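Subject: Handing over a structure

Hi,

Here is the structure I promised to pass on to you. Have a look at it first, and then read on for what I found.

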Amino acid sequence: MSAGNTNETSLERIGYRLSAWVERWMPSPFLFALILSYVVFLAGVGLTGSGPVEMVGFWYDGFWAFLTFSMQMVLILMTGFVVAYHPRVNAGIRRLTELPNTGKQAVVLVGLLTMLLGWIHWGLSLILGAIFAREMGKTAHENDIDVHYPVLCVAGYLGLGLTWHWGLSGSAPLLLATEGNEFIQQGVIDVVVSASETIFHPYGLILTGLSIAYALVVLYVITPTGDQARGITHYIPEDDLFESASDGGVEATTEPSPQVPAERINHSRVLGGIIGLTGIALVVSQFVQSGIDALGLNIVNFGFLTIGIFIYMDPQTYREKFGEAATAASGIVLLFPFFAGIQGMMATSGLAQLMANALISVSTPQTFPVIAWLTGATVNIFAPSGGGEWIILGPPILEAAQDLGVPVGQATMAYAVGDAHTNLLNPFWALPLLAITQIKAREMFGYAIAMLLALTPFLAVVLFVLPY
C-alpha cells in the first residue's frame with residue numbers, strides 16, 4: 001500500500017476514534033438483542049405498571065405475533081440474495097470495482113450503488129451491497145489502492161441505513177397500499193393510501209435524492225486515507241480472498257449431464273423459463289390494471305421470486321441457490337423472534353405508544369415530520385422491524401397527523417426516515433452483510449454511528465423545511 005497521508009481531516013479523525021471506541025465496547029448482534037430485551041422489560045415494569053410476569057407473557061406472545069410478516073421479510077432477503085449471486089450480476093460487480101482510482105472514490109461508488117438499490121429492493125441492496133463492498137476491497141488490494149475496509153462495509157449497508165424505507169420494498173408505504181390492511185380494519189384510515197402519495201410523491205423522491213447526495217459527501221469526508229486505511233487483508237486472510245464459494249464470486253460450474261428422466265426434469269430450462277415468464281407477465285398485468293397502486297409486499301416478493309427463476313432458468317440450480325440464501329438468513333431467523341418479543345413487550349404493555357404519544361404531544365403541523373422521524377428512530381433501536389414497528393406506531397402517528405392536518409403520505413415517509421436511520425446503530429439487519437464481508441459488527445459500526453450522527457442535523461432540517 002502507498003505511504004501515509006498526514007493531511008487527514010478532522011472528520012476522518014473523529015470517525016477513526018469513534019470506530020476504535022465502538023470496536024472495543026460493542027457486543028455481538030445476538031447479545032445486543034438480549035441486552036435490549038432486558039432494557040425494554042425493565043422500562044415496561046417501571047413506566048407502564050405491568051408486572052414482571054405480565055412482561056414475560058408479553059415477550060413470549062410477541063415471538064409469534066408476526067409470523068406472516070416475518071416470512072415476507074425472509075423472502076425479500078432471500079430473493080434479493082439469489083438475484084445478486086447470479087454469475088452475470090456478480091461479473092458486472094467485478095467490472096464496476098475497476099472504475100475507482102482512489103479509496104475515497106471506491107467508498108463513494110459502493111455507497112451510491114447500495115443506496116440506489118436500497119430504494120429498489122432492500123434485500124437486493126443488502127446482499128449486493130455486501131458483495132460489492134467485498135469485491136471492491138479485493139480489487140483495491142490487487143491494484144494497491146488504499147481503502148479502509150470498515151467504511152466500505154458501511155457504504156455497503158447504507159441501503160438499509162438510509163433509503164430502503166422510502167422505496168419499492170418499504171414496509172410502511174406498501175402496507176398502506178395493501179387492500180384491507182390493518183389500519184383500514186382498525187378505522188385509523190378510511191381508504192388505501194396509494195404509492196403515488198408516498199413512494200412516488202415528489203416529497204419522497206426529493207427527500208431520497210437529497211439524502212443520497214449528502215450521504216455520499218459524508219462518506220467521502222470520513223474515509224481514512226494513508227496509513228490509517230486498513231485494507232481487506234487486515235480483516236480476512238489473503239488465502240481466503242479468492243475462494244469463489246465464500247465471497248460470492250463466479251463459480252466454475254459445469255453443465256449438468258443428466259442421465260435419467262428425473263434429472264432432465266430437475267434441470268429443464270423449458271419448465272423454468274415458462275413459469276418465470278408467466279410470473280413476470282402476471283406482475284406486469286397487475287401494474288397495467290392498477291398502475292403503481294398494485295405495489296405491495298406480496299407483489300414485490302412474487303416479482304423477484306419469478307425474475308430469479310427466469311434469469312437462472314434451471315429450476316434445480318435456482319433451488320440450490322435458495323439453499324445458500326437460507327444460510328445468509330440464518331442470523332435473522334435466530335434474532336427476529338427476540339426482536340419480535342421486544343416488540344411484544346413494547347406494544348402490549350403500552351410502552352411503544354407511551355413513547356410515541358410523548359413525542360407526538362409536543363408536535364405542531366410544522367414540526368410533526370421531525371417528530372415522526374424521531375419517533376420511528378427511537379423505537380427502531382429497540383424493535384428493528386420496519387413493518388412490525390409500523391403496525392405498533394402507525395395508529396398513533398397517523399391519528400395525530402390527521403388531527404393536525406398533516407397529509408398521511410407525508411407522515412408515513414417521515415416515519416420511514418427514522419426507521420431506516422437508526423439501523424446504523426442497531427446491527428440486526430447487518431447480519432447477512434457481516435457474514436458475506438467477514439467483518440465483525442464492532443469493527444464497522446463506529447463508522448456507521450458516525451454516519452448516523454452526521455445525518456441527524458441534515459435530516460432534521462430537510463424534514464422541517466421540505467413541503468409536501
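Which residues in H12 meet which residues in H24? On the H12 side they are Tyr 203, Leu 207, Leu 210, Ser 211, Tyr 214, Ala 215, Val 218, Leu 219 and Ile 222, and on the H24 side they are Tyr 447, Met 451, Ala 454, Leu 455, Phe 458, Leu 459, Val 462 and Leu 463; contact means heavy atoms within 4.5 Å. By class, this contact of H12 with H24 has 16 nonpolar residues, 1 polar and no charged. Here Ala, Val, Leu, Ile, Met, Phe, Trp, Tyr, Cys and Pro count as nonpolar, Asp, Glu, Lys and Arg as charged, and the others, Gly among them, as polar.

Before going further, a word on the source. This is a predicted model, in which local features need pLDDT of at least 70 and side-chain atom pairs count only at pLDDT 80 or more, while totals for chains, interfaces and linings use all residues. Residues are numbered from 1 along each chain as its sequence is written, and side-chain values use heavy atoms, with hydrogens and water left out.

Now the whole chain. The protein chain has 24 helices and 0 strands; helices (H or I, at least four residues) and strands (E, at least two) are DSSP runs, numbered from the N terminus. Its C-alpha atoms fill a box of roughly 65 × 60 × 45 Å along the principal axes. Of the 468 residues, 55% are buried, where buried means under 20% relative accessible area, exposed over 50%, and partly exposed in between (1.4 Å probe, protein chains only). Among contacts between residues at least 6 apart in sequence, 82% join residues at least 24 apart.

Back to the helix pairs. H12 (residues 202-222) and H24 (residues 441-465) have axes that come within 10 Å and cross at roughly 140°; axes are lines fitted to C-alpha atoms, for helices over the stretch in contact, and angles run from 0 to 180 degrees between N-to-C directions. H12 and H24 are therefore oblique to each other (under 35 degrees is roughly parallel, over 145 roughly antiparallel, 65 to 115 roughly perpendicular and the rest oblique).

The other pair is H19 (residues 351-360) and H20 (residues 368-382), packed at about 155° with their axes 9 Å apart. H19 and H20 are therefore roughly antiparallel. Among the residues that meet are Met 355 and Leu 359 in H19, and Phe 368, Ile 371 and Phe 382 in H20. The contact of H19 with H20 has 9 nonpolar, 2 polar and no charged residues.

Val 22 sits in helix H1 (residues 10-25) and counts as buried, at 2% relative accessibility. Leaving aside neighbours within four places in sequence, Val 22 is in contact with Arg 442, Phe 445, Gly 446 and Ile 449.

Most residues other than glycine have a negative phi. Asp 144 has a positive phi of about 60°; it lies in the loop between H7 (122-142) and H8 (149-155) and is partly exposed, at 44%. Met 313 has a positive phi of about 65°; it lies in the loop between H16 (297-312) and H17 (315-328) and is partly exposed, at 24%.

Best wishes
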